[in-house]
Amino acid sequence: MLRDHRATLAFVHDVAVIALAWFGAFALRANLDNLGGGLASTMNILPWVLPLQAGVFLIGGLYRGRWRYASLADLRLLVITVTLSAALVPLALFLFKPEVAIPRSVLIIAPLLQIMAMGGSRALYRLWREHAASQSSRAFGTPIVIVGAGDSGVQLVKELRKHGKWHPVAFLDDDPHKRGARIHGVDVVGGIEEFASFVADTEIKAAVIAMPGAHHSARARAAAACGLPGIEVLTVPSLDEMLDPRRTVAGGAGLRKIEVDDLLGRDPVILDTVGVAQMLADRVVFISGAGGSIGSELCRQIAKARPSLLVFFEASEFLLYQLKEEFDRNHPHLSVIAVAGDVKNALRVREVLERYRPHAVFHAAAYKHVPLMEEVNAWEAVRNNAFGTYILASESLRCQVARFVLISTDKAVNPTNVMGATKRLAEQICQALEGTGKTRFGVVRFGNVLGSNGSVIPKFQAQIAAGGPITVTHPDIIRYFMSIPEAAQLVLQAGSMAVDSAHGEIFVLDMGEPVKIVDLAKQLIRLSGLPEGAIKLEFTGLRPGEKLYEELLAEGEATSRTSHPKIHISRARAVSETHFSQLLAWINQELPQEDETVRATLKKFIPEYVIYQASPQASLIADNVVNLR
């Protein structure tokens, strides 16, 4: 019942209060005229009331809490426990009939004095500790502004003072009714847009966005307003983030650094959990490329639907090992099978599908790095992205898999690179196989995902950590972005949809507004807290196969709405039998082909494919090195 020495000291304190309260009750009843008689009466009654009340205090759990965290809940428990123990006193006297007399007024006054003394002691101790922490924070903590004066911001002030690392000096909040208010000694000095003017004349070094329940666009606006050179920007994580074991926090107050996806302002995905559960719950699910960025996140999201078995199919031994270790740690009761294999190996794919008989297959395995696949590796891109898709898709048909979902890319639309063209071939393969068996085929097409393997964000972060420069291919290049969890969730949502189509479904995800890569680089520098000019930007010119902007629809394609606001269906051109048979004959060849031959053949199968030609301006851009302004 008494966990440590602090609980023991608290118990001793309360036992002393019991005795003093009974003496005080007798003394008050006598108007303080007969203290000797009150002391004698107290000594007579204590052998009965002291063990009774102390026992109730122990059983009631008064000593599980800590005084420094005393709250209204603790006060409520104290009042209930003291009242109950006081009510048992006359009952005990009635049952055991000792030769002691207690006036009825004393039975009321004593518990009131106990509540006042015990509650007051706890409150004073907490005030003293908070004052000491506040003084320490003021003297040694880093000055910090809290953006958001709601419940989270108020709670944050107390937490920051406890840890002493930061000293809250002001609130910023757009609610006009909070302007000029003082909360726990911290003033609300203005709105969020006034952050720059407020910190200009202060020694503020950091800001915390305490708006975990706000709309994503509001949080993004706050993050952008606080992202000034030399300012470290932190945020209070949302409930989902706190429940995610992969997210890390910065400091003892449970904060994390602002990340690039906080600046996108994208609304959270709302899933049709019934539809997803019907596809995945108590089913066997197969994920190719399971160790990659999208593949591994798909595995995590699918795990929430409680499948009967997850089959990880991955060519990289290390990525497969990492994923298996993660699931053994975070999902010990979920059945998973880690299979090492290559989607181009028809015998291995057939063996695995026949053994585990999956209900759904999510095909995320692909070569997706544009410049690497453009030169030297063009034929390998065809074999992996197109032939590998055909092997997995045709074997899924053979094993009567109910649902096959291909993860595609916006680079497959009007492609200017080998990687995008090979993914368009993969789309055509799924379209051609639709309706030839019991398997329903779907293609999910979306743009870049933040933080994926090989994406620009980790590269920029590494360059910043190394002191720069940050290399950007072109000052006008733009891309669509979404977070990895958002992409994975929408893939599952699209995979659960059943829409009538004569030649396969291409689901196009709503990517929001495009982002200039140079602006993204500047935001990353600001978020790192570095002063202006500390990191240089270097424009290197478009790489082989790159274009300034990506598209989600090809010429002649149109979209229709689905039941989900972030998912549309593209009515793509049908794939003829002649086209498909010629395509299969080409990708089935095992002998390597020269890059030029691969590009020329891709052009035959994909008329909209534009073979990359380096522009004369590329070399000029490569020589242009500018400072961040």
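Tutor: The model is predicted, so local features need pLDDT of at least 70 and side-chain atom pairs count only at pLDDT 80 or more, while totals for chains, interfaces and linings use all residues. Residues are numbered from 1 along each chain as its sequence is written, and side-chain values use heavy atoms, with hydrogens and water left out.

The whole structure holds seven aromatic pairs (rings of Phe, Tyr and Trp, its six-membered ring, with centres within 6.5 Å; planes under 30 degrees apart are stacked, over 60 edge-to-face, the rest tilted). Tyr125 and Trp128 make a tilted pair, with 5.9 Å from centre to centre and 50° between the planes. Both residues belong to helix α4, residues 104-140 (a DSSP run of H or I, at least four residues, numbered from the N terminus). Along α4, Tyr125 and Trp128 are three residues apart, which is about one turn of the helix.

How open are these two side chains? Tyr125 is partly exposed, at 30% relative accessible area, whereas Trp128 is exposed, at 55% (buried is under 20%, exposed over 50%, partly exposed in between, with a 1.4 Å probe and protein chains only). Elsewhere, Trp379, Trp586 and Phe605 form one aromatic cluster.

Methods. Helix = DSSP H or I, 4+ residues; strand = E, 2+ residues; numbered from the N terminus.
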